[in-house]
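Here are my notes on this model, as numbered points. Have the viewer open while you go through them.

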Amino acid sequence: MGSESVTAVILAAGEGRRLTPLTNRRPKPMVPVANRPLLEHVVEAITATAIDRIVLVVGYEQERIRNHFGDGDDWGVTIEYVEQSTQLGTGHAVLQAEPVVDGPFVVLNGDRIVDSAVVSQVRDRAIDDDLPAMAVTTAANPRQYGVVTLDGDRVTDIDEKPEGAVETNQINAGVYAFSPAVFDAIRETHVAGELAITATLDDLAATETLSAVRYDGRWLDVSNLWDLLTVNAALIGDSGASDADGPTFGDSVTVADDAALAGNVRVGPNVTIGGSTAVGSNATVEAGAVVENAVIFPDAVIGAGAVVRDAIVAGNARIGPNATVAGGPATVVVGDAVHRGVELGGVVGDNATVGSGATLADGAVVGDDVTADAGVVIDGRIESGAVVRRG
C-alpha cells in the first residue's frame, strides 16, 4: 500500500491558439463556461475527492490564474504554482512539477472537464502503487484524440490523432497516475518537436505495465470555439438553472430553465433568454433582445432588439441595437483546417463593437477591439483592431 497523500498536478500553461480571439488576453483554462473558468470546474472535480493539494503548472497569462485561485483557500485545498515558461508540450509541463512532487501524483488537463469519480479512481491507483495508470474513455470521433489500444486492462499503444482508419473508439481521457519515476522517463523520451506526455506513456506501454482506468462518465473537451457552446450547455444542464444572485429584470422577460445569469446582470423589458445560455457578471441585455445558446462574458452589452444565437460574446464587447447573429451550421477555418457544419453563429472578441443593424454571417469571428459600423455584414475572420466600414 502506498502513501495516502496524493498531489494533483493540473496542466494550465497553454495559450489555446485555436480559441483566439478569446485567448488573446486570457489563458485557455480561464475561458468561462457556465459563468466560471474551465479551470475552476477542473479544480472542483479534484476538491470533491480526498485530494487536498494541487500544483498548477502555469505559463501564458499566468497572473489571471494566480489571481483567481490564490492559495486555494476558497476551495478548501492548498494550491501551489510552478511555471512552464515556454510551452514545449505536456510532457515538458509535467516535468516542471518535479521539484514540488515527492510521492505519487495524478495529472489532469486544465481545459478538460471530467467527473470527480474518475479522479478518485486514478488516485486509488496511485495509493495502491498500481503505476503508471491512465484513464481511458470512448469518443464518437476517436481520431481527434489519442487512440488507445488495450489488452484487457493494460494499455499497449497510444496513437495520437491518427490519420488512417481506427479500429477502436477508446481514447486517452487525459487523467493519469504516476510515481516520481515518470520524471526520468520523460527525460528519456526522444521526439521531434513538442514533448507530449503521451509519447512517454507510449514508450512505457512497450516496456512495462501501463494500467487502464476505464471511465464512461462526463468528458468535455474544448478544442475549438464551438466546443465552448457544447460544454457550456452541458454544464448548465448539470447544475440546473440560473445563478439568480442579483440579476435585475424588466417587465415581460422570459428566461429558460437551462440559462445561467451571474450577479449584477441587467435584463431589459421584453427580453428572451433562451436555453443553454450563460450571461456573465455585470453584462447587460437591453429591451427586446433575444439571446439563445450563447456564452456572454462579463461586462458585455447586447443592444436593444438584437438577436444573438449560437454565439460567444467576450468581455466588454458591445452588440449594437437590432444587430443579428442568426446562428446555425457554419463552415469555420482554423489554421489549415476547414470545419464544416459546426454550430457557431459567431464570436465577438473583447472590447469589440458591432454597430446597430449589423449582421454576422454564420461562423464569423470578430477579433478584439474591432469596430464595425452600423449595418455592415461581417463574414469570415476579422483581425483584432480592425475597422469594418460599410461599402
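Before the first point: UniProt positions are quoted in the numbering used here, and its annotations may be inferred rather than shown by experiment. Also keep in mind that this is a predicted model.

1. **The two annotated spans.** UniProt, in an unreviewed entry, lists residues 262-339 as "domain: Mannose-1-phosphate guanyltransferase C-terminal". In the model that span is 0% helix and 49% strand, and its end C-alpha atoms sit 32 Å apart. The unreviewed entry also gives "domain: Nucleotidyl transferase" for residues 8-235. Here the chain is 29% helix and 28% strand, with 22 Å between the end C-alpha atoms.

2. **Cis peptides.** Two bonds to look at if you check omega. Thr20 and Pro21 are joined by a cis peptide bond, with omega about 10 degrees. Pro21 belongs to the loop between β1 (7-12) and β2 (32-33). The bond from Leu131 to Pro132 is cis too, with omega near -5 degrees; Pro132 is in the loop between α4 (116-127) and β8 (133-138). As background, most peptide bonds are trans.

3. Most residues other than glycine have a negative phi. Lys161, not a glycine, has a positive phi of about 45 degrees. You'll find Lys161 in the loop between β10 (154-160) and β11 (170-178), partly exposed at a relative accessible area of 44%. Asn264 is another non-glycine with a positive phi, about 65 degrees. Asn264 is in the loop between β16 (259-261) and β17 (266-267) and is partly exposed, at 48% relative accessible area.

4. The Asp310 side chain does make a polar contact with the side chain of Asn293, at 2.8 Å. Leaving aside neighbours within four places in sequence, the contacts of Asp310 include Leu229, Glu292, Asn293, Glu343 and Leu344. Asp310 itself is part of strand β23 (residues 307-313). I'd start with this residue if you look at charges.

5. **Helix α1.** Is this helix enclosed or open? In α1 (residues 38-47), 8 of the 10 residues are buried, so the helix is largely enclosed by the rest of the structure.

6. Strand β26 (residues 329-334) has a covered face made of Ala330, Val332 and Val334, while Pro329, Thr331 and Val333 make up the uncovered one. It runs antiparallel to β27 (residues 337-343), to which 5 bridges join it. Val333 has Val338 of β27 as its bridge partner. The hairpin has 2 residues between the strands, and Gly335 takes a positive phi near 65 degrees there.

7. **Salt bridges.** There are 18 salt bridges in the structure. Here are some of them.
   - Arg187 pairs with Glu98, the closest N and O atoms being 2.8 Å apart. This pair links distant parts of the chain, 89 residues apart: Arg187 is in helix α5 (residues 181-187) and Glu98 in the loop between α3 (90-95) and β6 (105-109). Arg187 is partly exposed at 40% relative accessibility, and Glu98 is partly exposed at 29%.
   - Arg112 and Asp221 meet in a salt bridge at 3.1 Å, N to O. Arg112 is in strand β7 (residues 112-114) and Asp221 in strand β13 (residues 219-221), so the pair ties together parts 109 residues apart in sequence. Both Arg112 and Asp221 are buried.
   - Glu286 and Arg318 form a salt bridge at 3.5 Å, N to O. Glu286 lies in the loop between β20 (284-285) and β21 (290-296) and Arg318 in strand β24 (residues 318-319), so parts 32 residues apart in sequence are tied together. Glu286 is partly exposed at 24%, and Arg318 is partly exposed at 34%.
   - Arg25, Asp368 and Asp369 are linked in a salt-bridge network.

Conventions: Residues are numbered from 1 along each chain as its sequence is written. This is a predicted model: local features need pLDDT of at least 70, side-chain atom pairs count only at pLDDT 80 or more; totals for chains, interfaces and linings use all residues. Side-chain values use heavy atoms; hydrogens and water are left out. Helices (H or I, at least four residues) and strands (E, at least two) are DSSP runs, numbered from the N terminus. Buried means under 20% relative accessible area, exposed over 50%, partly exposed in between (1.4 Å probe, protein chains only). A polar contact is a pair of N or O atoms within 3.5 Å; within protein, one must be able to donate a hydrogen and the other to accept it, and residues adjacent in sequence count only if both atoms are side-chain atoms. Contact means heavy atoms within 4.5 Å. Two strands pair if DSSP finds at least two bridges between them. A salt bridge is a side-chain nitrogen of Lys or Arg within 4 Å of a carboxyl oxygen of Asp or Glu.
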